[in-house]
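I am keeping these notes on how the copies of a chain meet. The entries follow the order in which I looked things up.

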Amino acid sequence: MSEKIQVAIKELKRVKPLVLNLTNYVTMDFMANALLAIGAAPIMSVCDEELEELIQICQCLHINLGTLDKDFISRCDKAIAYAKEYKKPIVLDPVGAGASLIRTKTAQKLIPSCDIIKGNASEILSLFQDSGQTRGVESVHSTLQAKEQAKKIACEWKCTVVVSGAVDFVTDGYRESEINFGSPFMAAVTGMGCTLSAIIAAFRGVFPDSFDSAQLATTYFGLCGQEAEKKASGPGTFRTEFIDRLSNEN
Amino acid sequence: MSEKIQVAIKELKRVKPLVLNLTNYVTMDFMANALLAIGAAPIMSVCDEELEELIQICQCLHINLGTLDKDFISRCDKAIAYAKEYKKPIVLDPVGAGASLIRTKTAQKLIPSCDIIKGNASEILSLFQDSGQTRGVESVHSTLQAKEQAKKIACEWKCTVVVSGAVDFVTDGYRESEINFGSPFMAAVTGMGCTLSAIIAAFRGVFPDSFDSAQLATTYFGLCGQEAEKKASGPGTFRTEFIDRLSNEN
Amino acid sequence: MSEKIQVAIKELKRVKPLVLNLTNYVTMDFMANALLAIGAAPIMSVCDEELEELIQICQCLHINLGTLDKDFISRCDKAIAYAKEYKKPIVLDPVGAGASLIRTKTAQKLIPSCDIIKGNASEILSLFQDSGQTRGVESVHSTLQAKEQAKKIACEWKCTVVVSGAVDFVTDGYRESEINFGSPFMAAVTGMGCTLSAIIAAFRGVFPDSFDSAQLATTYFGLCGQEAEKKASGPGTFRTEFIDRLSNEN
């Protein structure tokens, strides 16, 4: 592993950033375990009344639309307002954008407020359209197909965009990076994409540059996947080994 | 493994059916991982506003009553209406029917709309009564005790009924099948029954015959459990190995 | 393992206590698996309408504030009223008390009704103050720092208090016990504290003395952690092995 990543992970473990997750019900357990394993401190909330206090003490706000509903969307709006007031960075994962209008519209509404957007190729492609680009929550496009769209979003909204897939792509509109690590098992484990977004949020909670944070986190994530694959015999054992690697690989 | 199952799994992986799950909060992570492992595409939703779109693109609607409340029940009613409109099959898991009146009544209300019902013996037995047959979400009856009741439900509502347990029983009122695979560890892992229902929904999303789908899915599920047991030393390692087997055993 | 614990576990497996969990969304899967592994029967509910029936059939009510909101708090109030009516013991885990006012105030409101309170040092310390003692859901204090506070709460409210951490402390104000088992991996797995509370609830569902139940459960939990560590190479494998140990170690 490169010295730059080793230094970053060491700093992350020293700071132990508190990441506030407004996220889906399906993958919050795996996400929380991944954040803890890497050395961050996760907190999940479903409660409007504590948002202001939690945003004051957190280092990064992480929003994931995986099981959104009207209350969740209203909570995101409030959280984003507080995050701006208290100058906390915001990472968005527009899960299932393209699969339903409410997911697409919500993602489109939130993007202008976010520092980093992480989606699969289909989700990223759907962000300038209204519907029908994704099939459920999985991508039917390759990262390559979404590169130009990612750059457009990054330029338009002055943010960093990460397209995750067999190859990952990170851009802030000026800089760009293709990341070619990972494992085929990663597509067979639920919440792997969600968890990448959470890890990006942890890095962004420590480092001020969104592009650097996203690139380092995505690289580290892929390297851990590559290592975990060596001890895995299927998606079940891979998931377990991957958490071990997130914790140890530094 | 029989050639028939191997062919079915191959077809399932080719089609990659999208299963829309309206399900409980406890086991959705395990359920999603099992669906992905077998080659299906899971999506979970808690949002009325996207139901129509998601039902249009899915191959099967899977309803699980494990953590129902009034909003959840109303969402199920809407989803079932859309599923009928768009001619999508419906699989129901009446978790905890018999443990509370609202679970029993909801299950009884939904049954007439469903293609396949999968419950443990106590749940199936409670479906013609009002309460008190189950102890929480676990069965206190044997599959054998619920066979006649399963056949009655199947005939009355023209559906397929699966009674899961140490021995599984599948019937559509005319055909019936006892399935004798599985592992004692399966009763020690949370959500094993829920996940069987999800896997049945994945098969039903690919194959038109409810009885065949239920029988194939239940057999495959049991065989994977049997194989997973060989590498497990407790319910924790069993759960991990089981996901590996769902993915590999074909 | 001491003979006393072996006898207790054997009795627990014989009784198979039904534990009703009003708990957070993040760790309910792990919690349910731990309860099943130890031989208890878990049920989770998010539904006011079934509370009375479920409390009648359960052996212990377990409340965990990890993802509280207004509806959840109102549900807890109702559940506690039923638990008193039907004379069922109540175990409370005030997750994140100190991190937000609503968590602290809710915990303070519920304590007088509870038989056992289990928190980390920061949570226990926050229970006589209003805010700011914890950082998210993790402790920034040592068990030692919270001992006096734990004894005060135990005396004031005639309950048993467990402070979990590298060293665990159990007191009912008269008796006290320091428990020095466990593994450093336990702090790296999400929901380990929540699950300890659930296991305490399972013991309390079988044994009438709150102090004894808490002490036995905490000791057993720590011993299982110690054993699991021997086969773990990180928090991922530790979590899996720990469930195996909960099931086997008797």
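**Entry 1, chain A and chain C.** I looked up the side chains of R239(C) and D29(A) and found them joined in a salt bridge, 3.0 Å from N to O. For a salt bridge I require a side-chain nitrogen of Lys or Arg within 4 Å of a carboxyl oxygen of Asp or Glu. By that rule the interface of chain A and chain C has three salt bridges. I then counted twelve residue pairs in polar contact between chain A and chain C, both residues at pLDDT 80 or more. A polar contact is a pair of N or O atoms within 3.5 Å; within protein, one must be able to donate a hydrogen and the other to accept it, and residues adjacent in sequence count only if both atoms are side-chain atoms.

The model is predicted: local features need pLDDT of at least 70, side-chain atom pairs count only at pLDDT 80 or more, and totals for chains, interfaces and linings use all residues. Residues are numbered from 1 along each chain as its sequence is written, chains are lettered from A and ligands numbered from 1 in the order in which they are written, and side-chain values use heavy atoms, with hydrogens and water left out.

Which elements give two or more residues to the side of chain A that touches chain C? I noted α2 (28–38), β2 (41–44), α3 (51–57) and α10 (235–248) of chain A. The largest share is that of α10(A), with seven residues. Helices (H or I, at least four residues) and strands (E, at least two) are DSSP runs, numbered from the N terminus. By class I find 18 nonpolar, five polar and nine charged residues on this side of chain A. Here Ala, Val, Leu, Ile, Met, Phe, Trp, Tyr, Cys and Pro count as nonpolar, Asp, Glu, Lys and Arg as charged, and the others, Gly among them, as polar.

The contact (heavy atoms within 4.5 Å) takes 32 residues from chain A and 30 residues from chain C. Chain A and chain C bury about 2,400 Å² between them, 53% of it on carbon and sulfur atoms. Buried area is the accessible area (1.4 Å probe) that two parts lose on being put together, summed over both.

I superposed chain A on chain C with a rotation of 120° and 0.0 Å of shift along its axis, RMSD 0.0 Å. In chain A, the C-alpha nearest the axis belongs to Y25(A), at 3.8 Å. Only 12% of the interface residues of chain A are also interface residues in chain C, so these copies meet through different surfaces.

I looked up R239(B) and D29(C) and found a salt bridge between their side chains, 3.0 Å from N to O. How many residue pairs are in polar contact between chain B and chain C? I count eleven, both residues at pLDDT 80 or more. On the side of chain B that touches chain C, α10(B) gives the most, with five residues. I also list 30 residues from chain B and 31 residues from chain C in the contact.

Conventions. Least-squares fit on C-alpha atoms with pLDDT ≥ 70 in both.
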